[in-house]
Amino acid sequence: MKTKYLPLLGLVMLAPVAHSETLSISCGAVGAELQLCKEGVDAWAAKTGNTVKLVSTPNSSTERLSLYQQILSAGSTDLDVLQIDVIWPGMLASQLLDLTPYIKDQAEFFPSMISNDTINGKLVAMPWFTDAGLLFYRKDLLEKYKLPVPATWSELSQSAKVIQDGERQAGNSQMWGYVWQGRAYEGLTCDALEWVYSHNGGTLINAKGEVDVTNPGVITALNQAKSWVNTISPEGVLNYAEEEARGVFQTGNAAFMRNWPYAWSLAQASDSPIKDKVGVAPLPKGGEDGKHAATLGGWQLAVSKYSQHPQLAADLVSYLTSYEEQKRRAIKGTYNPTRPALYQDAEVTTAVPFFKDLYDVFVNGVPRPSSISGDKYGQVSNAFFNTVHEVLAGSQPADKATKDLQHKLKRLLR
Amino acid sequence: MSTSATDKLRTAAPAASAPPKGRLSRTRVRAAWLFLLPMLVVLLLVAGWPLLRTIWFSFTDASFSTLHEAHFIGLENYLSYDDGEWYGVLADPQWWGAVRNTLFFTLVSVSLELVLGMVFALVLNAQFPGRALVRAAVLIPWAIPTIVSAKMWSWMLHDQFGILNHLLISLGILDAPLAWTANSSLSLWAVVIVDVWKTTPFMALLILAALQMLPSDCYEAARVDGIHPVRVFFRVTLPLITPALLVAVTFRVLDALRVFDVIYVLTSNSADTMSMSVFARQQLVEFQEVGYGSAASTLLFLFIALLTLAWLYLGRKRLQGDL
C-alpha cells in the first residue's frame with residue numbers, strides 16, 4: 001500500500017464508533033427457538049442500527065458443544081454471541097469474555113444461576129432461560145379412563161398401559177403410553193438422572209466427590225425404565241431426542257411425555273391436534289419414599305473472547321436477557337425466565353398457568369455433576385448415557401453395567 | 001485427518017516411484033522431477049504434514065486447550081500398565097467394538113454392493129429401449145451427498161412415521177413397525193442398507209465400464225457353440241472383468257473402512273454402530289483428548305495402510321497366477 005493512503009487508513013480505523021457493525025449469534029432451533037431468537041435479535045438490531053447474523057447450530061447439545069469447541073479453539077472471530085448449555089460454563093470459561101463490567105442488573109436474576117455462570121470470579125455467561133424436566137399428560141385421556149395424574153413411576157406405567165390398550169382397542173394402533181428421550185446423547189443423561197434421583201439414587205457423584213452409581217436406587221431406576229421399552233414406550237424411543245418424542249406426543253399418539261417446558265406452547269399452538277388437551281405436572285416419584293426430580297437444564301448467552309465487537313455483543317446479551325425480552329419469550333414460547341420477578345408477572349402467569357404451580361420444580365432442579373467433574377464432564381456424561389442405553393437396549397443387565405460404569409468413572413476422575 | 005491422508009498417499013505412490021533409467025536422458029529425468037516438484041510439495045503440505053502431526057500427537061498428552069504445551073508420553077495412549085490395570089486405545093473395549101463394527105460393515109456392505117452392482121451392470125449392459133435414461137437414473141443415489149441421503153433415510157426408517165415400516169406393514173411382511181435405528185441388532189444392518197443403496201451405483205458403473213471393454217469375438221464363438229449363457233458368464237465374462245472388479249472392490253473397501261458420515265447421521269454416537277472413525281472423532285472432538293484420539297486415528301491409518309498393501313500384494317500375485 002502506498003504511504004499516502006496511510007492517513008486515510010487511520011480514519012477508517014477510527015470510524016467504527018459511528019459505523020453499524022455486523023454481529024453473529026448462534027441460537028438453538030429446538031421447537032420455536034429459532035423464530036423467537038430471530039425476533040429478539042431483530043428488535044435489538046433495529047434499536048441499535050447494527051446487523052445480526054444468525055448462525056445455525058445442531059439441535060443436539062452434544063454436537064453443538066463439539067462445534068463450539070472447534071470454533072473457539074481455532075480462535076475464530078466468526079461467532080460473537082453463543083448460546084451455551086447450563087453445564088458448559090466450566091468447560092468453556094477460558095474462551096469466554098468476562099461480562100461483569102457490561103451487565104448492570106445481575107442481582108435481578110436467580111442467584112444460583114448467576115453462580116453457575118461465574119467461574120473463578122468471572123461472569124462468563126448470562127442465564128437466558130432455565131429448564132427442568134416435566135411430565136406432559138393428556139388431560140382428556142386421563143379423564144376418559146378415570147385416572148389421576150400419576151405420582152409415582154409405577155402409577156405412570158400402569159396408567160400408560162391402561163390408556164395404550166384402551167386406545168388401541170378403540171382403533172388407534174399407533175398409540176403409545178409414554179415417550180421420552182432415549183438416544184445415546186446428553187438428553188438421556190438428563191432423563192436417567194431424574195429416574196435415579198427420584199429413587200434416592202443420588203446424582204452419580206456424591207457430596208464427598210466419590211463416584212456412586214451402583215447403589216440400589218440406580219439399579220431399580222434403570223430396570224424400571226428398561227421395562228417400559230416395548231411395553232408402554234416404542235422401541236424407537238431408544239433413538240429419540242426431544243423433537244422425536246414431541247413428534248409422537250403432539251400427533252396424539254402418546255398419553256405421557258417427558259420433555260422440557262418449550263413443548264407446552266407448541267402443543268397449545270392453533271394447528272396442534274392436542275390443543276387444550278395437555279396438562280403439565282412434576283415428574284413422578286421413585287416410590288412412596290422417593291422424591292420428585294427434575295434435571296436442571298437451561299441455556300446461557302456468552303460472548304466469545306475472540307469477538308471483534310465485545311461491547312456490542314455484551315449489549316446484545318444484556319438486551320436478550322432483559323425483563324421485557326424474557327417476558328415476551330415466556331409468553332410466546334414457554335421459555336422459563338431466569339428472573340424471579342417474572343414468575344409474579346400477571347401477564348406471564350395467565351399465558352402459562354403452570355409456571356406458578358411448578359415454580360418449586362424449576363428452582364429446585366437436580367443439577368448434573370458438571371462442576372464436580374470439571375472438564376471431564378463430557379466424558380462422564382458420555383459414559384453414563386452409553387451405559388444407560390446399553391441397559392435399556394437389553395444388551396447388559398443393570399447390575400453388571402453399573403459396576404463397569406463405576407469402574408470407568410473412577411478411572412476417568414482419578 | 002489421517003484418513004484423507006491415505007487418499008493422497010495412494011495417489012502419491014506412482015508419482016514418487018522413479019522413472020526407469022536409461023530410456024530417458026538425464027535432462028528429461030530432471031525435467032520430470034521439476035514438473036512433479038510442485039505437486040510433491042503440495043502433497044507434503046496437505047497430506048504429509050497433518051499425518052505426521054497426528055502421529056506426533058498420538059505420543060503426547062495433548063488436549064484441545066493445551067495443544068502447544070503437550071508433553072511426550074511415549075506409547076501411553078496406545079497401551080500402558082498402571083496400578084494393575086491396562087490403559088490406552090488398545091485396552092479400550094469400545095475401540096475393539098468399533099473395530100468389529102467397521103469390519104462387519106465393510107465385509108457385508110462391500111459384498112452386497114459387489115453382487116448387486118454386478119446384476120445392475122449386466123442389466124444396463126443389455127440392449128433395451130430407454131437404456132440411457134435408466135443408466136442416469138441408477139446413478140442418482142450415488143450423486144446425492146451422503147449427509148443428505150442419510151438424513152433422508154433416517155426419516156424413512158423412523159419407527160413411528162417412517163415410510164419403510166408403513167410399506168412393509170401394508171405389504172403384510174411385518175406386523176408391527178421395527179425400530180430400525182434404535183434396535184441394537186438392527187441398527188448396524190440399517191446402516192448397511194443405506195450404504196448399499198448409496199454405493200451400489202458406483203460399483204455398477206465400474207463393472208459396466210469393464211463389461212463394455214470386453215471383446216465380442218469370445219461371445220460370438222460361445223453362441224456358435226451353443227454354450228449356456230450362465231456358463232459363458234462364469235467362464236468368459238467373470239475372468240475377463242476380474243481386474244476391474246479388484247479395483248472396484250479395493251476402492252470400496254478403503255472407503256468403507258473409514259466410514260463416518262452415514263453412521264453418524266443415522267445413529268449418532270451409539271456404541272452399537274460406532275466405527276473406528278466415529279470413535280476417533282469422539283475422542284478428538286467431543287472429549288478433547290487430542291493425544292488419545294490421534295492414537296486412534298493413527299491406528300486406523302496403519303490398519304488401512306497395511307490392509308491396502310496386503311490386498312495389492314495378493315491381488316498382484318493372483319493376477320500373475322492367472323496370466
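Biologist: How many residue pairs are in polar contact across the interface of chain B and chain A?

Modeller: The rule finds 14 residue pairs, both partners at pLDDT 80 or more. A polar contact is a pair of N or O atoms within 3.5 Å; within protein, one must be able to donate a hydrogen and the other to accept it, and residues adjacent in sequence count only if both atoms are side-chain atoms. This is a predicted model, where local features need pLDDT of at least 70, side-chain atom pairs count only at pLDDT 80 or more, and totals for chains, interfaces and linings use all residues. Residues are numbered from 1 along each chain as its sequence is written, chains are lettered from A and ligands numbered from 1 in the order in which they are written, and side-chain values use heavy atoms, with hydrogens and water left out.

Biologist: What is the area buried between chain B and chain A?

Modeller: About 2500 Å², with 45% from carbon and sulfur atoms. Buried area is the accessible area (1.4 Å probe) that two parts lose on being put together, summed over both.

Biologist: Why is the meeting of R411(A) and E85(B) called a salt bridge?

Modeller: The term needs a side-chain nitrogen of Lys or Arg within 4 Å of a carboxyl oxygen of Asp or Glu. The side chains of R411(A) and E85(B) have N to O at 3.3 Å, so the pair qualifies. The count between chain B and chain A is 2 salt bridges.

Biologist: What makes W264(A) and F354(A) an edge-to-face pair?

Modeller: Rings of Phe, Tyr and Trp (its six-membered ring) pair if their centres lie within 6.5 Å; planes under 30 degrees apart count as stacked, over 60 as edge-to-face and the rest as tilted. Here the centres are 5.3 Å apart and the planes at 75°, so both tests are passed. W264(A) lies in helix α11 (residues 262-267) of chain A and F354(A) in helix α15 (residues 354-357) of chain A, so the pair ties together parts 90 residues apart in sequence. Both residues belong to one aromatic cluster, which also includes F110(A) and Y343(A).

Biologist: How do you know that W264(A) is buried?

Modeller: Buried means under 20% relative accessible area, exposed over 50%, partly exposed in between (1.4 Å probe, protein chains only). W264(A) has 13%, so the term applies. F354(A), at 6%, is buried too.

Technical notes. Helices (H or I, at least four residues) and strands (E, at least two) are DSSP runs, numbered from the N terminus.
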